[in-house]
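Please look over the sequence and the model shown below.

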Amino acid sequence: MKPTILMVPRLPAALIEALSAHYDVIGPMERSAPEFLPEGKERAEALLTIGTQKTDAALIDALPKLRLICCYGTGIEGVDQTHAKARGIELTNAADANADGVAEFAMGLLLAISRQIPQGDRFVRAGRWKGNAIERMPMVRGLSGCRLGIYGLGAIGSRIARHATSFGMEIGYHNRSPRPDLPYGYHDSLIGLAEWADLLMVAVRASAENRHAVDAGVLKALGPGGYLVNISRGIAIDETALCDALETGVIAGAALDVFEHEPVVPDRLKALDNVVLTPHIAAFAETAQQAQQELLLRNLEAFFAAKPLISPVAL
């Protein structure tokens, strides 16, 4: 008899097909809450979810045979890790499987906002390009010689740094601790990094300690010529402070792939021309998705074979 696994969000069709060859897959769920659990919940030994969805004590306790929680992406913030540990449940995530794809997208957002690519697209579509002037849109500085401050120099942040170096940018970063293995300048505070940087890239993991880390003070330190890019989690930025800063010229612009209350995006952000907004798609590259799916399958295979997980998360 196949082991039963519970799929909370609907996973990609190819992955569901691969899972169904070895497991009895139940779900998806309309919402990640006990009252939406499907028939067969009492048999579920593994739960497949994403970090932005809640896997709280109530949901965990509604699954009596649950022994493993697999987060499809890198995020684990929705999991009640203390309760999972108390129940003896293991946790795994995508580790750095999607890091290359997210870092690529981060550079795309960086270029889009700093070089006014969306504004240029709108300029052409509106018929404003008349071809009779050298200066068609406001001049921008460009990336070469700029200072990129990276908040969170982990698997994704270090790849962003490598890409940015090829654009001739100077790299600085703020982490919980220095990375002596990497040749970039360490700043011992986020506000200090923002004061130094021309562009601030948020690549930190979601956690309670990082909630609203980018606040009004950090934005003021970044300054009127500075740009903010976030490809990590929306909770890292105080969205009200960000809207205030963008509306009043405290910073020059922002590019955001993530938001605090997804899929809700503040109307104030939507109304601004100096903002690029995308729907949490930094990891939506075929290479990144394939790597995540393969890792999830390998973790499940190892778990049900009573072998060590490939990418365990310490609880």
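Helix 1 (residues 13–20) passes helix 11 (residues 286–304) in a right-handed crossing. A crossing is called right-handed if the near helix is turned clockwise from the far one by less than a right angle, and left-handed if anticlockwise. The model is predicted, so local features need pLDDT of at least 70 and side-chain atom pairs count only at pLDDT 80 or more, while totals for chains, interfaces and linings use all residues. Residues are numbered from 1 along each chain as its sequence is written, and side-chain values use heavy atoms, with hydrogens and water left out.

Two packed helices are described by the angle between their axes and the distance between the axes. For helix 1 and helix 11 the angle is about 20° and the axes are 11 Å apart. That makes helix 1 roughly parallel to helix 11. Axes are lines fitted to C-alpha atoms, for helices over the stretch in contact, and angles run from 0 to 180 degrees between N-to-C directions. Angles under 35 degrees count as roughly parallel, over 145 as roughly antiparallel, 65 to 115 as roughly perpendicular, and the rest as oblique. On the side of helix 1 the contact is made by Leu15, Ala18 and Leu19, and on the side of helix 11 by Gln293, Leu296, Leu297 and Leu300; contact means heavy atoms within 4.5 Å. By class, six of these residues are nonpolar, one is polar and none is charged. The nonpolar class holds Ala, Val, Leu, Ile, Met, Phe, Trp, Tyr, Cys and Pro, the charged class Asp, Glu, Lys and Arg, and the polar class the others, Gly among them.

Two strands pair if DSSP finds at least two bridges between them. Strand 3 and strand 4 (residues 68–71) pair in the parallel sense over four bridges, and Leu68 in strand 4 is the bridge partner of Ala46.

What is the strand order of the open sheet of seven strands? The order is 8-7-6-9-10-11-12, again with parallel pairing. Its edge strands, strand 8 (185–186) and strand 12 (275–277), each pair on one side only. Helix 9 (residues 239–248) packs on this sheet, touching strand 10 (227–230), strand 11 (253–256) and strand 12, and its direction makes about 140° with that of strand 11. Strand 7 (residues 170–174) joins strand 8 in parallel over two bridges, and strand 6 (residues 147–151) runs parallel to strand 7 with five bridges. Tyr173 has a bridge partner on each of these strands: Tyr186 in strand 8 and Ile150. Four of the five residues of strand 7 are buried, so strand 7 is largely enclosed by the rest of the structure. Buried means under 20% relative accessible area, exposed over 50%, and partly exposed in between, with a 1.4 Å probe and protein chains only.

The contact of helix 4 with helix 6 has nine nonpolar, one polar and four charged residues.

Some backbone details remain. Gln116, in the loop between helix 4 and helix 5 (117–125), has a positive phi of about 55° although it is not a glycine. Gln116 is buried, with a relative accessible area of 17%. The peptide bond from Gly27 to Pro28 is cis, with omega near 10°, and Pro28 sits in the loop between strand 2 (24–26) and strand 3 (44–49). The bond from Glu262 to Pro263 is also cis, with omega near 5°.
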